[in-house]
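Please keep the sequence and the model open while reading.

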Amino acid sequence: MENTSGFGPASDSEPPNGRNHQEPAPGSILEIYPSFQPAPAGAAAATCLTADENPLQLIFPIESDTGQEINRKTIQPSFKTGQRSLSFKEKFFSDASINEWNNWKWQIANSITSLSELRRYLRLSKEEKKSLAGKNKKLPLRITPYYLSLIDSENPMQALRRTVVPVADELKIDASESADPLSEDHDTPVAGLVHRYPDRVLFLATGFCSSFCRYCTRSRLVGENCLDENRWEPAIEYIRKNTNIRDVLISGGDPLTLADEQLDYLLGRLSSIPHIDILRIGTKIPAVLPQRITPQLVKILSRRRALWMNIHFTHPDEVTPETSQACTRLASAGIPLGSQTVLLKGINDHPAVMKSLYHALLRVRVRPYYLYQCDPIRGSGHFRTSVKTGLDIIENLRGHTSGLAVPQYVIDAPGGGGKIPLLPEYFQKKEDQNIVLRNYEGKIFRYPDIYA
Ligand code: SF4
């Protein structure tokens with residue numbers, strides 16, 4: 001089979017059932033997960049793209065989510081599978097056991113990484129096929145089988161499909177766009193660490209994600225390399241020496257794609273720094289790979305003091321039975337959960353869609369935190385909306401539903417200005433000692449601001 005993608009390897013031999021079930025590759029390189037030994041028989045392989053787009057085969061022993069090595073078809077899964085993903089699994093991955101399907105390492109090992117693979121599952125549109133054209137550097141393609149099960153195979157305009165399947169519009173670069181619009185590289189004192197605000201830093205723990213979002217702000221970094229523990233040390237040392245830093249946001253890439261041992265090590269090192277008050281994790285895992293939220297992972301996370309998690313959600317279709325279980329496991333362990341959502345044209349840029357998403361998130365104990373205006377990264381024009389669209393969404397939420405369901409709408413200022421909040425014009429004017437305010441119904445009220 002031709003490798004037409006340019007994103008990653010395409011299989012030369014297509015299994016008869018049409019799926020790409022990678023078999024163990026004894027002796028493969030364990031560059032990112034050095035703690036893992038070459039896999040025993042029955043283990044699965046995952047790939048992590050490097051700068052030259054050669055896949056490094058990584059071996060994960062397949063375990064059940066209770067930490068036991070899977071006894072294939074005999075152990076009942078403790079992670080319940082939703083009807084939609086179960087039907088998809090039976091159609092395309094029928095020779096995988098339900099335990100394998102519910103194993104996060106199996107999901108990564110069997111992710112779809114090229115359009116030539118993707119066409120086995122979806123009827124590709126012209127625009128999707130044309131994304132292969134052009135010589136512009138592109139974000140790799142990667143979609144977990146679980147997330148693919150949520151995608152409409154016939155409708156290229158379906159919201160979730162548009163977030164992960166590339167289209168030709170990615171190749172159109174506007175003069176206002178750039179690879180690093182937030183100037184993060186400028187605020188990078190050591191590799192993998194962004195220090196912009198006085199008391200907090202962004203720690204880029206890995207360049208790997210289980211599924212790549214086509215509008216990713218860090219598309220210049222993700223999929224390009226995999227930051228290993230050697231690159232962590234200078235960043236940890238920087239944090240140790242700068243005693244004004246009290247808050248570390250661990251992101252990437254997606255830090256929950258790290259092995260348990262690696263994540264535990266990193267959290268332990270950062271927690272041991274006396275001036276660090278809180279750790280935060282930014283992740284999309286509960287939406288794209290909820291099977292990763294295993295009891296062992298929850299144990300690792302919950303034993304760290306003041307650990308917060310912000311989960312990247314895009315659309316209400318992401319809040320499935322699996323995602324609900326993942327969020328419930330985290331919340332029940334006392335980990336406060338917030339959401340971050342990027343405003344995307346034709347995907348979630350309607351008040352009803354956002355309200356539905358935020359209500360669904362509150363039901364699984366995730367508090368809507370930020371709504372981001374889409375950053376002007378290269379090739380993002382087809383995703384970006386006007387700022388008025390975002391303001392209209394907030395206007396349609398505030399007062400019309402619980403305040404818990406109203407996130408802060410922000411623009412991350414191009415050039416490194418940081419997050420700037422935006423609100424509809426509720427403040428009308430100052431009148432003598434009163435301020436004149438408009439409420440959500442458009443009614444005018446006066447507040448006596450006598451201490452001004
Ligand atoms: S999960 Fe986050 S870091 Fe990964 S591709 Fe999506 S937006 Fe980028």
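In helix α1 (residues 83-92), Ser-85, Phe-88 and Lys-89 are buried, where buried means 20 or more other C-beta atoms, placed from the backbone, within 10 Å of a residue's own, exposed means 12 or fewer, and partly exposed is in between. Because these residues cover an arc of only 100° around the axis, they are on the same side of α1; the arc is that of the directions from the helix axis to the C-beta atoms. Gln-83, Ser-87 and Glu-90, on the other side of α1, are exposed. The cover over the buried residues of α1 includes α2 (98-101), α6 (145-148) and α12 (321-332). Helices (H or I, at least four residues) and strands (E, at least two) are DSSP runs, numbered from the N terminus.

This is a predicted model, in which local features need pLDDT of at least 70 and side-chain atom pairs count only at pLDDT 80 or more, while totals for chains, interfaces and linings use all residues. Residue numbers start from 1 along each chain as its sequence is written.

The protein has 14 helices and 14 strands, and 43% of its 452 residues are buried.

Phe-212 is in contact (C-beta atoms, placed from the backbone, within 7 Å) with Leu-139, Pro-140, Leu-141, Arg-142, Val-164, Val-222 and Gly-223, leaving aside its neighbours within four places in sequence.

Phe-212 is also one of the residues around the ligand, together with others including Cys-209, Val-222, Gly-252, Gly-253 and Lys-284; a residue counts here if its C-beta atom, placed from the backbone, lies within 6 Å of the molecule. By class, this shell has five nonpolar, three polar and three charged residues. Ala, Val, Leu, Ile, Met, Phe, Trp, Tyr, Cys and Pro count as nonpolar, Asp, Glu, Lys and Arg as charged, and the others, Gly among them, as polar. The peptide bond from Gly-252 to Gly-253 is cis, with omega near 15°, and Gly-253 lies in the loop between β5 (247-251) and α9 (260-271).

Note on methods. Two residues are in contact if their C-beta atoms, placed from the backbone, lie within 7 Å.
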